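Please open the model in your viewer, colour it by chain, and keep the selection panel at hand. The tour goes from one selection to the next and says at each stop what is there.

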Amino acid sequence: MNKILIVDDSSTMRMIIRRVLRQANVEVTTILEAANGVEGLAKLTSDPDIQLIFSDVNMPEMNGIDMVKAVRAQRDGKSLPIVMVTTEGADSMVQKAMESGANAYVTKPFTPESFQAALKPLGI
Amino acid sequence: MSDVKLELPHDEELNRLLQESAREAFDTMMAGFMGSVVRSDSQGGECAPAPALPAAKVDREVVVDFNGPSNGYFSLRCNAEGAMDIARGLLMMDDCEALKVEEVADALGECANVVAGLLKNKALSPCGDFKMGIPRHCVPYETRDQSGSSLLCHLKNGVVSMEVWLQR
């Protein structure tokens with residue numbers, strides 16, 4: 001995989017996701033980062049070749065659900081895989097995320113194994 | 001129309017779920033690093049119910065608010081050493097590696113976020129639709145004087161106190 005985007009307002013969590021991707025043997029050439037949905041959309045505009053997005057839900061400025069909806073509304077964003085990575089584990093939130101267009105859902109805290117299992121249906 | 005009483009977990013159950021959430025967060029997020037983070041000789045195990053840390057011993061506090069059928073909050077308070085323990089544990093850094101102030105603050109916020117999220121999923125979501133706020137750093141004990149369920153975690157060099165309070 002060439003380029004992915006991690007959207008989370010915590011730099012610690014962005015670092016943890018990077019580490020878990022390495023542990024899960026997901027090979028990525030470039031990892032871009034954004035601290036909220038607005039920044040995430042801007043990165044996507046400036047780097048249209050991003051192949052996968054990991055996004056938190058609760059973030060300032062623009063939350064992850066609204067960002068997913070905005071990505072899906074873009075012509076080029078309809079097939080881009082998006083994985084939500086969040087502490088929100090309630091069924092209603094999972095359903096809301098999937099209905100908004102997310103492809104997979106990982107609940108924090110996660111292990112490399114549970115992270116890998118969530119990515120498997122996406123062929124990653 | 002009859003009044004529907006919200007069946008929130010009682011204090012003892014809330015404390016058990018808080019302890020379970022803290023342990024799960026630490027075990028998962030600091031896996032492989034736990035041995036050096038949590039002191040094995042601490043009284044009552046790694047994290048045990050105890051009164052909240054007195055204000056004089058708290059250097060940092062992060063609060064996550066709960067809103068919904070009832071309002072409340074989760075609070076993580078620690079001394080400087082406890083903050084460094086958590087940051088090093090999450091970032092998997094050795095004692096000799098330097099940490100920036102903002103890295104420690106961010107790690108504490110994420111730790112509070114994860115424990116509060118687990119607690120919400122275990123204790124609150126079964127009772128109704130609760131929303132969780134974004135972690136916010138505040139002056140210890142500045143605005144909160146309620147006393148809720150609390151526990152104390154003895155880490156490698158420091159101590160962390162976690163507390164949950166719900167309006168009943």
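In what order do the strands of the open sheet in chain A lie, and is the pairing parallel or antiparallel? Before answering, note that this is a predicted model. Select the strands of chain A: 5 strands form an open sheet in the order β2-β1-β3-β4-β5, and the pairing is parallel. The edges are β2 (30-34) and β5 (104-107) of chain A, each of which pairs on one side only. If you look along the sheet, neighbouring strands are turned against each other by 20° on average, direction ignored.

Next, select residues 82-86 of chain A, which make up strand β4, together with β5(A): the two run parallel and are joined by 4 bridges.

The C-alpha atoms of chain A fill a box of roughly 35 × 30 × 25 Å along the principal axes. Its radius of gyration is 13 Å, which agrees with a compact globule, because a globule of 124 residues would have a value near 14 Å. Buried residues account for 40% of the 124 residues in chain A; of the contacts in this chain with a separation of 6 or more, 62% are between residues 24 or more positions apart.

Finally, bring chain B back into view and select the contact between the two chains, to which chain B gives 19 residues and chain A gives 17 residues. On the side of chain B that touches chain A, the elements that give two or more residues are α1 (11-29), α3 (80-91) and α4 (101-124) of chain B. The most comes from α4(B), with 8 residues. Colouring this side of chain B by residue class shows 9 nonpolar, 6 polar and 4 charged residues.

Note on methods
Residues numbered from 1 in each chain as written. Chains lettered and ligands numbered in written order. Predicted model: local features only at pLDDT ≥ 70, side-chain atom pairs only at ≥ 80, totals over all residues. Contact = placed C-beta atoms within 7 Å. Nonpolar A, V, L, I, M, F, W, Y, C, P; charged D, E, K, R; others polar. Rg over C-alpha atoms; globule rule 2.2 N^0.38 Å. Buried ≥ 20, exposed ≤ 12 C-beta atoms within 10 Å, placed from the backbone. Pairing = 2+ DSSP bridges. Axes fitted to C-alpha atoms, helices over the stretch in contact; angles between N-to-C directions.
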